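Subject: Structure for your review

Dear colleague,

Please find below the structure that I am handing over to you. My notes on what was found in it follow directly after.

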Amino acid sequence: MFIVRSPLPHHIQTNSNPGKWYRSTFYNALILGICNFLAPGIWGAMNSLGAGGAQKPYLVNGANALTFCLMVVSCFFSPIIVRTIGIKYALVFGTMGYAPYAAGLYTNNRFGTEWFVLFGAALCGISAGVFWMAEAAIALSYPEPYNQGRFLGFWLSFRVGGQVLGGAINLGLNSNNNKAGKVSYNVYLVFIALQALGPFAGLLLNKPSKVQRKDGVAVKLAITKSPSHEIKAVTKLFFSKNFLLIIPLIAQGVYTEAVMFTFQSLWFSVRARALGSFLSGIVAIISGNLLGAFLDRTKIKLKTRARGAFLLILTLQGAWWIWATVLVTEFHKSKPTYDWNDGGFGRGFALFLFWVAGFQLNYMFLYFVVGELAGTDEEVIRIASLLRGTESAVQAVSYGLNSIPIIADVGGVYLNFGLWALALVPGWLVVKQIGVNLGDKKLEREGLAAREEDKISNGRA
């Protein structure tokens, strides 16, 4: 079935009076980005050093598996939390568990304490699932339709911005360390201080009712039904055909995180790991914003943008998995530790840069896809919780398996290569419907919200 698009309603046209700057979508993208930088961004900075900066990846990978297991649960129940305290304070709550995680890595690095690593990981998992859901729902609902891709690119730049900062700090502290090993514990003191600022940054976000968009459409992002209704609705959405079909696409994209960070910790010196963290973040920021600009090119049909992005990203992923398979098979036999002065350093280092860029592209594209599956504002919250919960489940498995030495060495790459192949057909079955059978869900949600607002206004009149 083909859907013929009608002209945009007058509610969704550009408004010449953009409103107050501190109520704008750009302001809220900035605040959401800062929260992302201070919470998962700094978390990513620590893990981009390879195994959280530890000498061996096994304990930290196990702790990260615990974090993501708990995030599956907190993601699933996060719509109920939104119903209770609202989306803004759900975001604030979500930032609170990250500093204890950094503190656990600090005590392990300096004193050899192991239990606090697991305790901090547990606290992080309880809060982070709520944070992931909240930031995804905000990113999909706050911006105007023609700014969706740029909003996503700008916001997600802060996540890898944390990685850039972490790499720069660590590079400065460890620039003379050309051996394998753990990073300086002083790095973690900076990370703890930054992550402790997360809840305060979250308080600066506007509530949905306060956002002033250029197109004049009010943002409505709330859950009004009972908790039991929400659990049933989330479960029903999970088992819908299109969501089940994109699960392999989600899995192949996010499984990579543990694989690439473990790869970096095993085969590179401390300063090479720091350089990789720094440079890969810059590459990811550039590639992510280019994808965002492309997805916003309304002169190109929506179906063309969706299909073009899918084919480009998945083709590049396939090339990188072939490259990685060759390298890890060789490294498993030779057991190298590459420094930037060593011959052959560039083969593995370049792969790591491409992996991080690909992770960013996959992340952005997944948001784009699920945004085209949600028909109402309430479904945005539900599908955001399902996306982040599914990501968490996959990453729990990934980090758990990568705590096993043979999987860390070679098995993770082989498994991820297989996941990529499994995702191609089901992912395409959904993507090819975007802009055709599925229409443009973002515009349809906005039009529905505008019509409901008109009914309320007319009723009062």
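For the surface patches, a residue qualifies if it has over 30% relative accessible area and no salt bridge; like charges are joined within 9 Å, and nonpolar side chains (Val, Leu, Ile, Met, Phe, Trp, Tyr) within 5 Å. Accessible areas come from the Shrake-Rupley method with a 1.4 Å probe, and for residues only the protein chains shown count as cover. A salt bridge is a side-chain nitrogen of Lys or Arg within 4 Å of a carboxyl oxygen of Asp or Glu.

Please note that the model is predicted: local features need pLDDT of at least 70 and side-chain atom pairs count only at pLDDT 80 or more, while totals for chains, interfaces and linings use all residues. Residues are numbered from 1 along each chain as its sequence is written, and side-chain values use heavy atoms, with hydrogens and water left out.

Surface patch

A nonpolar patch on the surface is formed by Ile 85, Tyr 89, Leu 197, Phe 200 and Leu 203, which together have about 480 Å² of accessible area. Of these residues, Tyr 89 belongs to helix 2 (residues 58-94); helices (H or I, at least four residues) are DSSP runs, numbered from the N terminus. Tyr 89 has a relative accessible area of 36% and is partly exposed, a class that lies between buried (under 20%) and exposed (over 50%), with a 1.4 Å probe and protein chains only.

Helix 4

Helix 4 (residues 115-141) contains 27 residues and spans 40 Å from its first C-alpha to its last, close to the 39 Å expected at 1.5 Å a residue; the expected span is 1.5 Å times one less than the number of residues. At Ser 127, helix 4 bends by about 30°, the bend being the angle between axes fitted to the seven residues ending there and the seven starting there. Helix 4 is mostly covered, with 22 of its 27 residues buried.

Salt bridges

The structure holds 9 salt bridges. Among them, Asp 215 pairs with Arg 213, with the closest N and O atoms 2.6 Å apart. Asp 215 is buried at 3% relative accessibility, and Arg 213 is buried at 4%.

Glu 230 and Arg 382 form a salt bridge at 2.8 Å, N to O. Glu 230 lies in helix 8 (residues 227-238) and Arg 382 in helix 14 (residues 377-401), so this pair ties together parts 152 residues apart in sequence. Both Glu 230 and Arg 382 are buried.

Finally, Glu 135, Arg 388 and Glu 391 are linked in a network of salt bridges.

Yours sincerely

Technical notes. Helix = DSSP H or I, 4+ residues; strand = E, 2+ residues; numbered from the N terminus.
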